[in-house]
Amino acid sequence: MRIQIDNADKTFFPEAGYSKGDLADYYRRIAPTMLPHLKDRPLTLHRFPDGIDGVNFIQKSVADHYPDWIERVTVDKEDGRITHALANDADALVWLVDQAAIAFHVWLSRHDRPHHPDRLIFDLDPADDDFALVVDAARAVRERLAALDLSAFVMTTGSSGLHVVVPLDRSADFDAVRDFAERVAERLADARPDDFTTAHRKAKRGGRLYLDIRRNAYAQTGIAPYSVRAKPGAPIATPLDWDELGDAKLGPRRFHIGNIFRRLAQRDCPWADIDRHRQSLADAADRLERA
C-alpha cells in the first residue's frame, strides 16, 4: 500500500528544513529496523499538525476516522477501557505520520500480557547540559545491574539524557519490576549522593541527575527506539553499543534524520537481538536483597 501524505511540503522542522513528507519518508525507510521495537505495543502519539513550532498534543486512543486496517487493542484504564493503535507494519507507521505524529511512545509491555513488562527502563535525566554525568550514570547503572547478573542496553533519547533498558522475560508484573528498579536506583543514589537522586520533585534534586524509574508501571510509556523527537534538527532516539559512550562527540541528540542511515550503513543496530537477552528478575532481586 502507498500512503498518500497530505500537505507533504508543509515544514515540520523549520531550522533543519524537514517537511512532513521528509518525516514520512524517514519512517518508511527506518521501518524494518524500528518495527521490532513497536510490535504489539500500545502506542501513544505526540502530534504536531503544524510542525514542532505549532500546537501539539498527546493522543492515546484511536479516533473514529482511523481506517479499519490499522491494528488496535483495547485495554483497561483506571476508569474504564481505552483502544490504542498498534504499528506492526510500515503502512501503519506512515499513516500515523500523515496524522502529524512525530514521536512514538510505546508501552513497556505487549498487548497480550499488558501487566507483565518485557522492558525495564532507567531514564537518566540531567539537571542541566552535563552529558558527561549522564554517561557516568549509565555506566554506574550497567555496573550495578551486571553485579546482579543482568544484561542492559543503552539508548540516546533524542532529548536530554539516556535510557538504560533491561529486557525481561515477562515473568514479573509491573509492581515487582518497579520495586526492583526503585531499589537499584536508591542504592545508586545512596552510594553517590552528590551526583544522583531519586527525588521526583525538581526542587529537591539540587542540580543532581535524576534516576527516574517511574516509567515502569502499567500504561506508562517510553520513547520508541528510532522515534524522531519534536526538537530542532529532528533528533532520533538511537540505540547504542556501550563502547560508544566513550565517543567525545556523543550527545543525546547526536543522531538525527540527516545522519541516521549513514550510521546504520556502518554499524548494525545494537539492539537487533535485544529480545534474545530476555531475563528473569527473580534471582537478581534475591541478590539485591542479600547485597
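This is a predicted model: local features need pLDDT of at least 70, side-chain atom pairs count only at pLDDT 80 or more; totals for chains, interfaces and linings use all residues.
Ring pairs join Tyr 26, Tyr 27, Phe 104 and Phe 261 into a cluster. Arg 29 sits over the face of Phe 261, 3.9 Å from the ring centre. Aromatic pairs number 7 in the structure. One of them brings together Phe 13 and Tyr 18. This pair is edge-to-face, with 6.5 Å from centre to centre and 75° between the planes. Phe 13 has 0% relative accessibility and therefore counts as buried. Phe 153 and Trp 271 also pair edge-to-face, because their planes stand at 80°, with the ring centres 6.1 Å apart. Phe 153 belongs to strand 9 (residues 153-156), whereas Trp 271 lies in the loop between helix 5 (260-266) and helix 6 (282-290). The pair therefore ties together parts that are 118 residues apart in sequence. Both Phe 153 and Trp 271 are buried.

The domain assignment divides the chain into domain 1 (11-114 + 220-238) and domain 2 (119-218 + 276-290). Their C-alpha centres are 25 Å apart. At the interface, 21 residues of domain 1 contact 15 residues of domain 2. About 1600 Å² is buried between the two domains, 51% of it on carbon and sulfur atoms. Leu 108, Arg 113 and Gln 220 provide 36% of the area that domain 1 buries against domain 2, more than any other three residues. The count of salt bridges between domain 1 and domain 2 is 1. Asp 112 and Arg 170 form a salt bridge, with their closest N and O atoms 2.8 Å apart.

Within domain 1, as assigned to 11-114 + 220-238, helix 2 (residues 90-98) is mostly covered. Of its 9 residues, 9 are buried. Among them are Asp 91, Trp 95 and Asp 98. The cover over the buried residues of helix 2 includes helix 1 (20-38), strand 3 (43-47) and strand 7 (101-107).

Salt bridges number 24 in the structure. Side chains of opposite charge can pair when their charged atoms come close. Arg 81 counts as exposed because its relative accessibility is 52%. Asp 76, at 38%, counts as partly exposed.

Arg 110 bridges to Asp 275, with 3.3 Å between the closest N and O atoms. Arg 110 lies in the loop between strand 7 and strand 8 (119-125), and Asp 275 in the loop between helix 5 and helix 6, so the pair ties together parts that are 165 residues apart in sequence. Arg 110 is buried, at 11% relative accessible area. Asp 275 is partly exposed, at 25%. Both residues belong to a network of salt bridges that also links Arg 41, Asp 118 and Arg 119.

Glu 244 occupies the loop between strand 14 (239-240) and helix 5. Its relative accessibility is 9%, so Glu 244 counts as buried. Leaving aside neighbours within four places in sequence, Glu 244 contacts Leu 250, Phe 255, Arg 263, Arg 267 and Pro 270. With Arg 263 the contact includes a salt bridge between side chains, at 2.6 Å from N to O. Arg 263 lies in helix 5, so this pair ties together parts that are 19 residues apart in sequence. Arg 263 is buried, as is Glu 244. Arg 263 also lies over the face of Phe 255, at 4.4 Å from the ring centre.

Note on methods:
Residues are numbered from 1 along each chain as its sequence is written. Side-chain values use heavy atoms; hydrogens and water are left out. Rings of Phe, Tyr and Trp (its six-membered ring) pair if their centres lie within 6.5 Å; planes under 30 degrees apart count as stacked, over 60 as edge-to-face and the rest as tilted. Buried means under 20% relative accessible area, exposed over 50%, partly exposed in between (1.4 Å probe, protein chains only). Helices (H or I, at least four residues) and strands (E, at least two) are DSSP runs, numbered from the N terminus. A charge sits over a ring if NZ of Lys or CZ of Arg is within 6 Å of the ring centre and within 35 degrees of the ring normal. Domain bounds come from an automatic or database domain assignment. Contact means heavy atoms within 4.5 Å. Buried area is the accessible area (1.4 Å probe) that two parts lose on being put together, summed over both. A salt bridge is a side-chain nitrogen of Lys or Arg within 4 Å of a carboxyl oxygen of Asp or Glu.
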